Amino acid sequence: MAKHRLGGQTIKLENPPCILSRATIVGKKEGQGPLGEYFDVVLEDSLWGEKTWEKAECRMYQEAAKMAITRAGKQPQDINYLFGGDLLNQIITANLAARSLGIPFFGLYGACSTLTESMSLGAMVISAGYADLVLCVTSSHFCTAERQYRFPLEMGTQRPPTAQWTVTGAGAFLLSNHMKPPYITHITTGKVIDYGITDTNNMGAAMAPAAAATIKAHFEDTQQGPDAYDLIVTGDLGRFGRELTIDLLKKEGYDISDRLIDCGCEIYSKDQDVHAGGSGCGCSAVVFGAYILRKMEEGVYKRILLLSTGALLSTTSCQQGESIPGIAHAVTIDMDRG
Amino acid sequence: MDVKQQKLNKEYQIYVQRKMPKSNLLRDCILAFLVGGLICTIGQAVNNFGKSYFNLNTEEASAFTAIVMIFIGALLTGLGVYDDIGKYGGAGSVVPITGFANSIVSPAMEFKKEGYVFGVGSKLFSIAGPVLVYGITASVLVGLIYFFVK
């Protein structure tokens, strides 16, 4: 077995890279939520002065990337790789943003799991000595996602209680080989899990088995339990997906109910009419970047497990009756280099 | 898929179905009745107005009502109000002719950015299209039956 592998799905990074800098941009609704004060930029409207929502999302992506680079005192040409993606067809937001950023680019699609997917790959590249600086960026936009996956915005439809609200937001994270906490110490790559859920208005139920499987694999591979973490943070399971994950892990003998928080549950308040919570590539990116990392720097949390969760569906696959496969990738974020 | 996985899936699906909250059917029905009823009452008022004020006969008054109600539905969609009515009214705001106007105007607004041919032109009936296809097919069938039974 390779030197740094632990068990079936986890690696322990030989040279844990750090998160050198970060930036988060969110939409108006997210800015009005309970975490509003933590975000770097809050947009005043969904268009941000652009002609289309797609252009606005692309600009959020670019600006977040540039902000993270500038904050570390670097230039775009200093960055070795850009890993990133978004929710739109052909990850067009990430592609168009990479066109103007001019950084060697790997485009990724893991639906809403793209954040930890990009951080996993970026951390491996740095730890292996192939790069000094890697930028990981993801974004989503309520209006662009709605028109691609669902109905026009002005169409009068009712959403069921399990429906989620796509977060308008972009998060950028600059990883480097510096000695500056927090560090990425472990990576557990998820398998695609499908328990046959077909309801596109219930992504939480489709993703919960994947989240539970990755958490279980992580515990088994590292031979540690929930006690090793101050917090386990999932991306966008929503209120019901979170409960399902807790139940599924209880069956496996792990009780994480006291330390599992979900970014989709944290970003909006109950009176914001988002039903089960937030979702999207931007959801875990902005909550982790703005809120969780701030709390880690303040010393509230020392070691966390971050899992972005993705529902790997397309409009065609749903209409043809295909069930919704889920995936979850986990990274351990530690203030200690280990 | 092996039998064991199939059983596991079934168990999970049943469990999810039991655990998930259901939409409040009674509340939704009452709201749909009230909102749909209100829209139809307005429609009837327009109809009566057409008959008494413009001296329209029954057929003309129906056309007059449809024109006015479609205009109201389209206007409220453009003003960004109809989707809020839909959120509470559900079927009550979808079934009347104002809902039909909403289903045509909302994609027209949304897809204007893709141009007038491949945006507005091709997406205009993306939601109303199926309604037209099956509505017209059904009316032809009913018409045929009526023709032979009469």
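Predicted model: local features only at pLDDT ≥ 70, side-chain atom pairs only at ≥ 80, totals over all residues.

Colleague: Okay, helix 2 of chain B. How many residues does it have, and how far does it reach?

Modeller: Helix 2 of chain B runs over residues 25-53, so to speak of its count, that is 29 residues. From the first C-alpha to the last it reaches 41 Å. That is close to the 42 Å expected at 1.5 Å a residue.

Colleague: Which of its residues are buried?

Modeller: Among them are B:Asp28, B:Ala32, B:Val35, B:Gly36 and B:Ile39. Further along, B:Gly43, B:Val46, B:Asn47 and B:Gly50 are buried too.

Colleague: What covers them?

Modeller: The cover includes four helices of chain B. They are helix 3 (58-78), helix 4 (82-89), helix 5 (91-94) and helix 6 (97-110).

Colleague: And what happens just after helix 2?

Modeller: B:Asn55 takes a positive phi there, about 55°.

Colleague: Switching to rings. How many aromatic pairs does the structure hold?

Modeller: Over all chains, 15. Take B:Phe49 and B:Tyr53 as one of them: their ring centres are 4.9 Å apart and their planes are at 10°, so the pair is stacked.

Colleague: Where do those two sit relative to each other in the helix?

Modeller: B:Phe49 and B:Tyr53 are four residues apart in helix 2 of chain B, so about one helical turn separates them. In an α-helix there are 3.6 residues a turn, so residues three or four places apart point the same way.

Colleague: Is B:Tyr53 buried or exposed?

Modeller: Exposed, because its relative accessible area is 57% and the cut-off is over 50%. B:Phe49 is partly exposed, at 40%.

Colleague: What other ring does B:Tyr53 pair with?

Modeller: B:Phe54. That pair is edge-to-face, with 5.3 Å centre to centre and 90° between the planes. B:Phe54 is partly exposed, with a relative accessible area of 45%.

Colleague: Which residues do the ring pairs link into a cluster?

Modeller: B:Phe49, B:Tyr53, B:Phe54 and B:Phe64.

Colleague: What about charges over rings? Where is the charged end of A:Lys29?

Modeller: It sits over the ring of A:Trp165, 4.2 Å from the ring centre.

Colleague: Now B:Lys22. Where is it found?

Modeller: In the loop between helix 1 (3-19) and helix 2 of chain B. B:Lys22 counts as exposed, at 57% relative accessibility.

Colleague: What does B:Lys22 touch?

Modeller: Leaving out residues up to four places away in sequence, B:Lys22 touches A:Pro161 and B:Gln17. A polar atom of its side chain lies 2.8 Å from the backbone oxygen of B:Gln17. For the backbone oxygen of B:Met20, the distance to a polar atom of the B:Lys22 side chain is 3.3 Å.

Colleague: Last topic, the contact between the chains. How many residues does it take from each?

Modeller: Chain A gives 30 residues and chain B gives 33. Between them the chains bury about 2600 Å², with 58% of it on carbon and sulfur atoms.

Colleague: Which three residues of chain A supply more of its buried area than any other three?

Modeller: A:Arg147, A:Glu154 and A:Tyr195. They supply 27% of the area that chain A buries against chain B.

Notes: Residues numbered from 1 in each chain as written. Chains lettered and ligands numbered in written order. Heavy atoms only, no water. Expected span 1.5 Å × (residues − 1). Buried < 20%, exposed > 50% of the residue type's maximum accessible area, 1.4 Å probe, protein only. Contact = heavy atoms within 4.5 Å. Phe/Tyr/Trp six-rings, centres within 6.5 Å; stacked < 30°, edge-to-face > 60°. Lys NZ or Arg CZ within 6 Å of the ring centre and 35° of its normal. Polar contact = N/O pair within 3.5 Å; in protein donor to acceptor, adjacent residues only side chain to side chain. Buried area = accessible area lost by both parts, 1.4 Å probe.
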